[in-house]
Every structure is written in C-alpha cells, then in structure tokens.
Amino acid sequence: TVPHKNSRCLEYPGSKIKRFPVPDANVDWSQNWPQYKPVSHSDPVLAKKPAWADPDIGSFSPNFNTVDGAVDRTSFEGKYKVEKEKPLNPRGRTGLTGRGLLGRWGPNHAADPIVSRWKVDAKGAKIHHPVSKRPVLQFVSIKRKDCGEWAIPGGMVDAGEQVSLTLQREFSEEALNSLSVSPSEKAEIHKRINKLFKSPGFQVYKGYVDDPRNTDNAWMETVAVNFHDESGDSVSELPLQAGDDAGQVQWVDVDSSLALYANHSHFLELVAKERKAHW
Ligand code: RP5
Ligand code: MG
Ligand code: MG
C-alpha cells in the first residue's frame, strides 16, 4: 500500500499546528527513527468532554482491539499495537500524537453512502463519455463545511449504532435535509430512501481512511457502500438539500479527475469499475 498522505498534511485541520514532517521512507513504525519528535495535540473541543469522545488516557483505559461496551474499538486493518497505553496508527507515523479533532483513541468508525445514478440526456438515454465510450455515473456529493472540499456525505457511526443505519441517517442529514418540504413530500422522500437503503448495496471498501484529522493514536476507518438507482426514477428525482456538516450538495459526474476529500476518489474509482462506468 502507498504510504498515507493526508494523514501527514503539514497544518493540522482546525488549527495552526504544524505536524512533525514525516518523509515517505519513515512512515512505517518498523523504521527506527530516534529523531522523530511528533507534536502533541488534542483539540480544545475534547476538554469539554463531549458525549461522542473518550476521556483522556490516564484516567481512562479502554479495551483496545475489542468491542468495548457500545464502542467498536476493533480495526478493519487487523490487530493494532498499543504502546504506553496508546494505540498506534496501523498505517504509520503522522507527525502528531494525541487525538487532534477525533473523539476516539484508536479507530474512529464512519460510514460512507455512495448514492449513484446514470447520467442521462433530455430523452432519458445514458450519456457516454466521448473518450472512454463508457456510460457516465453521477453520485451525490456534499461540500464539507470544515474544509470546503467535496466529499461523500459520510459520518461517524454512533456508539451502538448499526452501520446500515449510519449510512441512511448521514445521507438524510447531509444531503436531504428536508426542512422546507410539506409533510406529504417528506413521507415520499422517506419511502424512497428507505427502499434504496434496504437494497443490499455494493460494499465498495472497508478499512483505513487517509483523513487529514488522523494522528499517531487516532484514525478514521470506514465502510463505504454504493446504493445505485439504476432506473433513475427513485432517489434521482428527490430534491437535494444540504444539511448538518454539509454546506452544499449536488449530483457530480464520476471521473478520475475528481479531487475529493480524504481518499474518497478511490472509493468512486471502485464503484465505476464495478458498474463498468466511465472513470
Ligand atoms: C471521512 O470522514 C469518512 O470517510 C467520512 O466521510 C467522514 C466522517 O467524518 P465526519 O463527516 O463526521 O466529519 O474520514
Ligand atoms: Mg454528518
Ligand atoms: Mg459527515
């Protein structure tokens, strides 16, 4: 695997803090590197002890590598190491210790719903890409409020929550924030969304996310699932409306030139391959 990159971004998100620079060759923990002096950082929001976050280590010693009460502390990457009571990022050094903006020590589990449809012309015929000659997929993308980057409308799995519910809940919160619609329209939206998310979907990816918030002791992991509206008459017709941590929402053409948050474009590449779509 390629060494994580966003997890080594110089300036830590939401702060002016600079990570200790980690060259590609020194990412892996197995590389002995006595000069490594990572910066310690926990966002001030964690000091307020929000419900979604762990307490500080010292007063608190969670059961790592297990499902610890309602909190899943297992990693899709296998068993991670715990050193001096702190879990170690399975993909290696990030130049920063502590939790930064993340709530959990170790893996922070998220879910990414990739809702797709075929791009069609006015007559409803699939549009093929002039170069690849393949049909073009579109997916529901949101513009994140925190960094302004376009992304999949994903979010954190709440303690004890089923991932299938997180997928539907986050999509509804971020892309279908139906504030201004009538109760009957709301019911119709609900019906279509329920139906789409009850379909099995295609599990695109399960594992580490190269997220800029990652640290040596806390990192993002996700389950990305594709829900596809093949005939284009279900969710495709719903009015999108940005909500929660999304500033904007729209259908975006799936293409290899997409610059998306974290490693989300990799997930879309896998969707395009699976559906034999343009990439
Ligand atoms: C990414 O952060 C995941 O892939 C998911 O899209 C997202 C979850 O975090 P929030 O959107 O809740 O900030 O790593
Ligand atoms: Mg959210
Ligand atoms: Mg989100």
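This is a predicted model: local features need pLDDT of at least 70, side-chain atom pairs count only at pLDDT 80 or more; totals for chains, interfaces and linings use all residues.
On the face of H2 turned away from its buried side sit the exposed residues Pro183, Ser184, Ala187, Lys191, Asn194 and Lys198. Residues are numbered from 1 along each chain as its sequence is written, while chains are lettered from A and ligands numbered from 1 in the order in which they are written.

Stay with H2. Its buried residues are Ile193, Leu196 and Phe197. They cover an arc of only 90° around the axis, so they lie on the same side of H2. The arc is taken over the directions from the helix axis to the C-beta atoms. These buried residues pack against H1 and E12. Contact here means C-beta atoms, placed from the backbone, within 7 Å.

Now turn to H1, residues 163-175. Its 13 residues should span 18 Å at 1.5 Å a residue, and its end C-alpha atoms are 18 Å apart, which agrees. The expected span is 1.5 Å times one less than the number of residues. In H1, Thr166, Leu167, Glu170, Phe171, Glu174 and Ala175 are buried. Their arc is only 125° around the axis, so they share the same side of H1. Their cover includes E7, E8, E10, H2, E12 and E13.

Next comes the ligand. Around ligand 1 there are 13 residues, the closest being Ala110, Gly154, Val209, Asp211 and Met220. Strands E7 (106-118), E10 (155-156) and E12 (218-228) are the elements that each give two or more residues to this shell. A residue is near the ligand if its C-beta atom, placed from the backbone, lies within 6 Å of it. The shell divides into seven nonpolar, three polar and three charged residues.

Two lysines remain. Lys49 has a positive phi of about 50° although it is not a glycine. Lys49 lies in the loop between E1 and E2. Lys49 is exposed, with 10 other C-beta atoms within 10 Å. Lys276 also has a positive phi, near 50°. Lys276 lies in the segment after H3 (264-274). Lys276 counts as exposed because it has 10 C-beta neighbours inside 10 Å.

How values were computed:
Helices (H or I, at least four residues) and strands (E, at least two) are DSSP runs, numbered from the N terminus. Ala, Val, Leu, Ile, Met, Phe, Trp, Tyr, Cys and Pro count as nonpolar, Asp, Glu, Lys and Arg as charged, and the others, Gly among them, as polar. A residue is buried if 20 or more other C-beta atoms lie within 10 Å of its own, exposed if 12 or fewer, and partly exposed in between; C-beta atoms are placed from the backbone. Two residues are in contact if their C-beta atoms, placed from the backbone, lie within 7 Å.
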